[in-house]
Amino acid sequence: MIEICEVGPRDGLQNECKIVTTDKKVKLIEKLIDAGIRTLEVVSFVNPKVVPQMSDAEDVLERLPRLEGIRYGGLVLSRSGLERAQKTSVDYLHVAMTTSDAFNLKNAKRTVKESTEELTKVIREGVEAGKGVSGILGTAFGCPYEGEVPIERILESAESFLSAGCHELTLADTTGMANPAQVTKTVKAFQKKFGKDLNLGLHFHNTRGLGLANTLSGYEAGIQRFDSSIAGLGGCPFAPKAVGNVCTEDMVNMFEGMGINTNTNLTKLIETAKWMEDYMDRPLDGMIMKAGIAQTAQ
Ligand code: ZN
């Protein structure tokens, strides 16, 4: 079975120009849950001045329904993010850093080593406070400034995060540079070092059209947890870093068509994607919501 982590309300909306109201965000999350999604990244505890779209993290969490089996995650990039997250009911801290110095310096104004030092403390404190902690390693398939990021460096960052107590790890293709062969190679290197029991997930962007190909490659290598974004949110053509996530309902359509269970309702996901598209005032990237479900896939 596939476990989907829906990141539309965070990664998707963060890269959209239109500011979405708290009300709309809460409704979107409720609709996704109604469609069968169980794990969601709903907020980000970043500086509201830097990312205004995410400034209502506390309000969103306060208004979300507390339901059995539903897991809400929030992105944490620093100690100040942890302090905010600890005052909320968020279930999982998604502690993220990139594995390339050039990218991390631009993004977090720290080297990878400096970020690792700070974030391993954040992870330990999060675990002690009773939160679940998911470690996210960005630029794991390439960096737009440095090019290839050596696998040894990614494994080293993973080791630091795991020994600090992370419950799971996700490798993120931050700017959509991965290809399917590289995904296989990377997953195999992780399995070799950490064993097949490691809870490893993959996070792809469709920047260069390879999102679903990379997802399938990861699945064939043994991965069952994937991040995706409803309607492919996050690719606003006017945003400076326009990068859409793999589209949730397109991914569900692929897996269900192959007979692989996702425990979601594709019709409801498509309805939610269209409902969001109406609101965003621009055509969103999802394909299946335009084409409809193929007869053979029903
Ligand atoms: Zn992302």
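Modeller: One term to begin with: buried means under 20% relative accessible area. Keep in mind that this is a predicted model.

Colleague: Okay. Is Met 276 buried or exposed?
Modeller: Met 276 is buried, because its relative accessible area is 0%, and the cut-off is under 20%.

Colleague: Where is Met 276 found?
Modeller: In helix H11, which covers residues 266-280.

Colleague: And what does Met 276 touch?
Modeller: Leaving out residues up to four places away in sequence, Met 276 touches Leu 13, Val 20, Lys 24, Leu 28, Leu 233 and Leu 284.

Colleague: How far is Ile 230 from Met 276?
Modeller: They are 46 residues apart in sequence, and 8.5 Å apart in space, C-alpha to C-alpha.

Colleague: New topic, the metal. What coordinates the zinc ion?
Modeller: Asp 11 through OD, plus His 203 and His 205, each through NE2. The distances are 2.0 to 2.1 Å.

Colleague: How are those donor residues spaced in sequence?
Modeller: As D-x191-H-x1-H. His 203 and His 205 are buried.

Colleague: Now the whole chain. How many helices and strands?
Modeller: Twelve helices and eight strands. The radius of gyration is 18 Å, close to the 19 Å that the globule rule gives for 298 residues, so the chain is as compact as a globular protein of that length.

Colleague: What share of the residues is buried?
Modeller: Buried residues make up 56% of the 298.

Colleague: And the charges? How many positive and negative side chains?
Modeller: There are 34 positive and 39 negative ones. The centres of the two sets lie 3 Å apart.

Key
Residues numbered from 1 in each chain as written. Predicted model: local features only at pLDDT ≥ 70, side-chain atom pairs only at ≥ 80, totals over all residues. Heavy atoms only, no water. Helix = DSSP H or I, 4+ residues; strand = E, 2+ residues; numbered from the N terminus. Buried < 20%, exposed > 50% of the residue type's maximum accessible area, 1.4 Å probe, protein only. Contact = heavy atoms within 4.5 Å. Donors = N, O, S within 2.8 Å, 3.2 Å for Na, K, Ca; no water. Rg over C-alpha atoms; globule rule 2.2 N^0.38 Å. Lys, Arg positive; Asp, Glu negative; His and termini not counted. Charge placed at Lys NZ, Arg CZ, Asp CG, Glu CD.
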